[in-house]
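User: Could you take me through the aromatic contacts in this one?

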Amino acid sequence: LFITGGSGQGKTYFIQCLLWELARHDISSIIIDYTDGFKKSQLEDEFKENLGNRLEQFIVLAKKFPINPFKRNKKELDEDLFIDEDDSDVAERMKNVIGSIYTTLGPQQLNSIYQAVMKGMSIYDEKMSFEILRELLEEDGSGPAKTALSQMNLLIDKNPFDSSQDMDWSFLEKEKGKVFIIQLTGYSPDVQKLITEFILWDLWYYKLLHGNKRIPFPAVLDESQRLDFSNNSPSAKILTEGRKFGWSGWFATQSTKGFSGDQISRLQNSAVKIYFSPVENEISTIAANIAADHRERKEWETKLTNLQKGQCIVYGPVLDRNGKLLPSRPYVVDILPFSKR
């Protein structure tokens, strides 16, 4: 799903309604909350009451998250053919994630990170850590290594991961109808992004081995303009390859202004687009995505302008009354409140 619309128009309420409907059908979901929008204090009372103990929150600042960013995962060569990643796979992933967070780092600085991770993996294997990465960059002593480290010091000081454990994601399949919130409140935006990217990588590799295209796995990512959508990122993989492993990525944002052309084109891979009342300067762009014909486009511009809070335009395939799946087309939809569900 790609969900967009101005602030206060009902996106978060809508997401909670969908999560509640899925929970009723024993489908578990996950929210990575780097916006504070899904703190328990921000959630609808009916949502919390209806879910009860099926709503679980993991506060990373209090416990640290049990994954190892330097773990060697399995990579798929062909159907049912997997091999372990080598040192260069781990180093490349670390370089790409850090590069997506600290965009001022140039090729030389990123290469110094890559080389330090390569060296660390050869010496320490999966006991490699951010603290060791700092030591290796200090040992390097070159200008690029010093510049890279100056950017990363806060991140390393916070060290939000517990590498001694592995997250057992299978609980999301065993415990039916659970809504699991990974709460990143209290961290700076840079650290929140780092945690999010590595959680998504860990989940990606878990689903690569255990995902099932017939069992949907909803993952909610609000303010998705903050994520990395580059070619070799988990978000790009979810959008382009995720369906065959059961991924149902929900990417929400107030506006598409912060996205590059590449990001927008990848988000267009979403099977369903949901448009709440948009900011004024995006109305014509959204209408053009909905309708090619000039006259129809003008009609949808008017409908977008007149959307009320709690209304949206859903553009995607729909089941008809006989259970037949119809091709994608837009519909104006009123979000049914919890009291009527």
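Predicted model: local features only at pLDDT ≥ 70, side-chain atom pairs only at ≥ 80, totals over all residues.

User: Where do Trp204 and Phe245 sit in the chain?
Analyst: Trp204 belongs to helix H9 (residues 189-210), while Phe245 lies in the loop between helix H10 (234-241) and strand E8 (247-253), so that the pair links distant parts of the chain, 41 residues apart.

User: And is Trp204 buried or exposed? What about Phe245?
Analyst: Trp204 is buried, because its relative accessible area of 3% falls under the 20% cut-off, and Phe245, with a relative accessible area of 8%, is buried by that criterion as well.

User: Which residue does Trp247 pair with?
Analyst: Trp247 forms an edge-to-face pair with Phe217, at 5.1 Å centre to centre and 75 degrees between the planes. This pair also links distant parts of the chain, with Phe217 in strand E7 (residues 217-221) and Trp247 in strand E8, 30 residues apart; both Phe217 and Trp247 are buried.

User: Which residues do ring pairs link into a cluster?
Analyst: Phe70, Phe130, Phe161 and Phe198 are joined into a cluster by ring pairs.

User: Switching topic, which residue lies over the face of Trp201, and which over Trp300?
Analyst: Arg93 lies over the face of Trp201, at 5.8 Å from the ring centre, whereas for Trp300 the residue over the face is Lys303, at 4.1 Å from the ring centre.

Conventions:
Residues numbered from 1 in each chain as written. Heavy atoms only, no water. Helix = DSSP H or I, 4+ residues; strand = E, 2+ residues; numbered from the N terminus. Buried < 20%, exposed > 50% of the residue type's maximum accessible area, 1.4 Å probe, protein only. Phe/Tyr/Trp six-rings, centres within 6.5 Å; stacked < 30°, edge-to-face > 60°. Lys NZ or Arg CZ within 6 Å of the ring centre and 35° of its normal.
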